[in-house]
Amino acid sequence: MKRILFATFTGGMMGYGSVIAFGCNVGGFFSGIISGSLHGWLWLVSALLGMTLTLFIMNNFKRVRA
């Protein structure tokens, strides 16, 4: 049951993020990098930091649960 609630919550957060970003984030990233825009590079740094934090949290969650 926890997994279902967690998946539902995180999926909702991803959907909400795409709505407030007015569309596809990956398309904005690629067009920003190619055009040399600052927002593309900020997107890259934010994505890497966010993924690092997510992996850290998930690894700790698995250890507590096991």
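This briefing describes the fold, surface and confidence of one predicted chain.

The model is predicted: local features need pLDDT of at least 70, side-chain atom pairs count only at pLDDT 80 or more, and totals for chains, interfaces and linings use all residues. Residues are numbered from 1 along each chain as its sequence is written, and side-chain values use heavy atoms, with hydrogens and water left out. The chain has 3 helices and 0 strands, in the order α-α-α along the sequence. Helices (H or I, at least four residues) and strands (E, at least two) are DSSP runs, numbered from the N terminus.

**Burial and surface**

- Of the 66 residues in the chain, 5% are buried; buried means under 20% relative accessible area, exposed over 50%, and partly exposed in between (1.4 Å probe, protein chains only).
- The accessible surface of the chain is about 5,800 Å², and carbon and sulfur atoms account for 76% of that area. Such areas come from the Shrake-Rupley method with a 1.4 Å probe, and for residues only the protein chains shown count as cover.

**Helix H1**

- H1 covers residues 2-20 and contains Leu5.
- The 19 residues of H1 should span 27 Å at 1.5 Å a residue, and the end C-alpha atoms are 27 Å apart, which agrees. The expected span is 1.5 Å times one less than the number of residues.
- H1 is hardly covered, with 0 buried residues among its 19.
- Leu5 counts as exposed because its relative accessibility is 53%.
- Met1, Ile4 and Leu5 make a nonpolar surface patch of about 370 Å².

**Helix H3 and Trp41**

- Trp41 lies in helix H3, residues 38-65.
- Trp41 counts as partly exposed because its relative accessibility is 45%.
- Trp41 and Phe29 are 12 residues apart along the chain, and their C-alpha atoms are separated by 7.8 Å.

**Confidence**

- The mean pLDDT (the predictor's confidence in each residue, from 0 to 100) of the chain is 80, and 86% of its residues reach 70 or more.

Definitions and conventions
Patch = residues over 30% accessible without salt bridge, like charges linked within 9 Å, V, L, I, M, F, W, Y side chains within 5 Å. Salt bridge = Lys/Arg side-chain N within 4 Å of Asp/Glu carboxyl O.
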